[in-house]
Amino acid sequence: MHVVVLGAGTMGHGIAQVSAMAGHDVWLRDIEREFVDDGLDAIEANLQGGVERDKVTEDEKAATLDRITGTTSLEDAVGDADIVIEAVPEQMEIKQETFEDVESHVADDAIIASNTSSLSLTEIASALDRPDRAVGLHFFNPVHIMELVEIVVAEQTSDRTVQRAHEFVEGIDRTPVEVTDSPGFASSRLGVALGVEAMRMVQEGVASPEDIDAAMELGYNHPQGPIALGDVVGLDVRLDILEHLREELGERFRPPQILKRKVRAGKLGKKTGEGFYVWEDGEIVGTSGDWGGE
């Protein structure tokens with residue numbers, strides 16, 4: 001299968017990696033060569049980590065890298081695609097423009113998928129002349145480790161497209177869950193609800209970020225607490241999702257002031273080195289000093 005991933009960032013290069021590891025020929029496209037190369041370097045680093053942990057062989061690493069082609073040309077990437085998965089910024093206008101551009105170059109039977117975590121797939125798909133081919137494939141970070149993929153069914157999605165989406169997800173050794181297009185789908189809506197309440201508890205001085213996270217990790221067997229997870233996802237991403245869900249579903253998703261302040265200060269979590277925690281080399285080394293008792 002010829003798989004195309006648009007966007008070589010955290011999600012995009014992860015989707016490209018797992019698709020190539022499953023034996024598919026993959027094109028990874030971004031708008032600047034620097035972004036493409038960064039994505040390819042990240043894939044190689046992930047694979048090397050797998051080799052060092054005896055999860056991946058040297059031959060598997062080499063074969064996976066050989067299956068991935070990086071490019072800045074949309075036309076070259078999608079011309080022979082069986083499935084195109086966009087992982088571009090989480091903005092409706094960009095998503096719709098990407099879908100339109102893809103449709104002008106792909107074959108009639110190609111699936112056009114979105115990795116959106118919260119935007120309306122029905123609205124994204126409306127940009128297509130053939131919206132029946134649109135589907136959501138919501139992967140989770142880090143993609144090469146997380147097993148879940150949400151298959152999001154838009155109002156226009158055909159049964160055949162849904163079937164092919166299931167086949168693709170299962171073929172890359174991931175577990176699909178199917179949801180109807182609705183604000184936040186299933187995973188983002190539930191995950192953000194837990195995360196926003198945890199932030200409110202920090203804001204009110206109920207407990208420290210470490211203790212809230214420990215309670216969920218040790219008491220509920222979560223692999224990572226909701227505060228740390230927000231830092232990993234990106235607090236700006238969390239804020240965007242909350243504002244969208246508030247508009248669609250009401251005040252229970254109102255973003256707390258502590259989150260707004262951190263985003264305004266550029267403290268976006270792991271990717272900037274500080275959010276609710278302080279991060280170095282991808283690891284938590286302390287807690288940010290501006291929380292609690294507010």
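1. The model is a predicted one, in which local features need pLDDT of at least 70 and side-chain atom pairs count only at pLDDT 80 or more, while totals for chains, interfaces and linings use all residues. Residues are numbered from 1 along each chain as its sequence is written, and side-chain values use heavy atoms, with hydrogens and water left out.

2. The chain has 12 helices and 10 strands, where helices (H or I, at least four residues) and strands (E, at least two) are DSSP runs numbered from the N terminus. Its radius of gyration, taken over C-alpha atoms, is 19 Å, close to the 19 Å that the globule rule gives for 294 residues, so the chain is as compact as a globular protein of that length; the rule is 2.2 Å times the number of residues to the power 0.38.

3. Of the 294 residues in the chain, 48% are buried, a word that means under 20% relative accessible area, with exposed meaning over 50% and partly exposed in between (1.4 Å probe, protein chains only). Among contacts (heavy atoms within 4.5 Å) with a separation of 6 or more, 65% join residues 24 or more positions apart.

4. The chain carries 25 positive and 58 negative charges, whose mean positions are 5 Å apart; Lys and Arg count as positive and Asp and Glu as negative, whereas His and the chain ends are not counted. Each charge is placed at NZ of Lys, CZ of Arg, CG of Asp or CD of Glu.

5. Glu75 lies in helix α4 (residues 74-78), and it counts as exposed because its relative accessibility is 52%. Its C-alpha atom is separated by 22 Å from that of Ser126, which is 51 residues apart from Glu75 along the chain.
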